[in-house]
Amino acid sequence: MASSTVQPETPAARPQDEDVAERLLDSSAQLSYDPVTEVDWETPLDTGFHGASPEWSTLYGTRYWSELSEEQRRELTRQEAASVASTGIWFEMILQQMVLRDMYAKDPTDAKFQWALTEIADECRHSIMFARGAKKLRAPAYRPRRWAVELGRAFKTLAVGETAYAAILVAEEVLDVMQRDWMRDERVVPFVRTINNIHVVEESRHMKFARDETRERMRNAGRLRRQLSAFVIAVAAYVITTSMVSRDVYRNAGLDTERAMAERKHNEHHKSMMRSSCSGLMDFLASSRLLTRPALLFYKRAHLI
């Protein structure tokens with residue numbers, strides 16, 4: 001009679017995505033931060049520093065930028081950094097809801113389920129960190145335009161599978177590249193550099209998970225699904241990236257909003273910075289068969305390619 005003893009699962013038999021989730025859980029246990037204690041919240045803001053690397057300012061390289069005093073430039077980058085942080089909070093709230101929906105009623109003993117909750121916990125800490133950082137930069141609560149907020153509301157409710165995870169990846173990849181520059185830049189106020197370092201380290205795990213989930217969901221996708229998903233992801237990318245820096249930052253930095261918006265629209269330097277930040281992302285989307293012709297129109301319009 002054959003033994004009824006259940007044999008332990010061998011490494012070869014374990015699903016690849018579970019192995020990835022277990023490695024991410026181990027990494028999180030070994031290297032995670034508590035922003036409450038890691039970030040210097042007590043030292044008053046030193047206005048002799050920028051809020052972000054000047055080269056990432058939406059006006060850097062324009063005629064308007066050349067007319068600004070160093071004090072005005074620093075204030076502008078502080079307001080822009082706060083706007084990026086506020087946009088990050090908005091999308092992290094969308095992200096959390098999508099991940100929770102994806103994990104709803106699934107096996108809680110699965111490493112993938114536990115990693116998803118770990119990621120959500122990370123995002124909660126990041127949102128609080130960004131909120132405190134924006135307040136310390138003496139910025140108001142920047143919010144996306146109303147139409148973007150309503151599109152986000154629909155997206156977080158309806159997006160599933162690769163549309164959810166690839167959109168998560170878009171937001172995280174763009175932030176990752178710019179924040180790597182900011183965290184190394186000694187012109188940037190120290191507490192913002194610390195915030196960026198925390199976010200870069202912890203988001204690298206989130207990006208790994210999002211890439212793997214996107215590949216997995218696209219593995220057996222047919223042409224119609226691929227076309228539709230590619231289009232939705234591209235629209236989400238357009239909304240996210242064009243919402244990062246609010247037009248209100250110019251007024252709050254003491255600048256002429258209409259002139260700033262006009263020069264920003266034609267700022268080839270900033271467009272180049274955005275394209276360079278997305279080169280790896282575009283390669284990934286292409287390898288996942290998500291860089292279709294209709295999608296390219298939105299990426300080009302957002303200056304991501």
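Where does S288 lie? S288 sits in the loop between α13 (279–287) and α14 (293–301). Before I go on, two remarks on the source. This is a predicted model, in which local features need pLDDT of at least 70 and side-chain atom pairs count only at pLDDT 80 or more, while totals for chains, interfaces and linings use all residues. Residues are numbered from 1 along each chain as its sequence is written, and side-chain values use heavy atoms, with hydrogens and water left out.

Helices here are DSSP runs of H or I with at least four residues, numbered from the N terminus.

Back to S288. S288 is buried, with a relative accessible area of 8%; buried means under 20%, exposed over 50%, and partly exposed in between, with a 1.4 Å probe and protein chains only. Leaving aside residues up to four places away in sequence, S288 touches R215 and M218, where contact means heavy atoms within 4.5 Å.

M282 belongs to helix α13. M282 is buried too, at a relative accessible area of 5%. With residues up to four places away in sequence not counted, M282 touches L291, Y299, L304 and I305. The C-alpha atoms of M282 and S243 are separated by 19 Å, and these residues are 39 residues apart along the chain.

Now the helix pairs. Two packed helices are described by the angle between their axes and the distance between the axes. Axes are lines fitted to C-alpha atoms, for helices over the stretch in contact, and angles run from 0 to 180 degrees between N-to-C directions.

Take α14 with helix α9 (residues 223–242): they pack at an angle of about 10 degrees, with their axes 8 Å apart. That makes α9 roughly parallel to α14; angles under 35 degrees count as roughly parallel, over 145 as roughly antiparallel, 65 to 115 as roughly perpendicular and the rest as oblique. On the α9 side the contact is made by Q227, A230, F231, I233, A234, V235, A237 and Y238, and on the α14 side by P294, A295, F298, Y299 and R301. By class, these are eleven nonpolar, one polar and one charged. Ala, Val, Leu, Ile, Met, Phe, Trp, Tyr, Cys and Pro count as nonpolar, Asp, Glu, Lys and Arg as charged, and the others, Gly among them, as polar.

Next, α4 and α5. Helix α4 (residues 70–103) packs against helix α5 (residues 111–136) at about 160 degrees, with axes 9 Å apart. The two are therefore roughly antiparallel. Their contact residues divide into 15 nonpolar, three polar and four charged.

As for α4 itself, its 34 residues reach 49 Å from first C-alpha to last, close to the 50 Å expected at 1.5 Å a residue; the expected span is 1.5 Å times one less than the number of residues. Of the 34 residues of α4, 26 are buried, so α4 is largely enclosed by the rest of the structure. After α4 comes A105, with a positive phi near 65 degrees.

Last, helix α1 (residues 16–30) and helix α8 (residues 190–218), which pack at about 175 degrees with axes 10 Å apart. That makes α1 roughly antiparallel to α8. V20, L24, S27 and S28 in α1 meet R205, K208, F209 and D212 in α8, a contact of three nonpolar, two polar and three charged residues.

L31 lies in the loop between α1 and α2 (35–38). At 38% relative accessibility, L31 counts as partly exposed. L31 touches V201 and R205, again not counting residues up to four places away in sequence.
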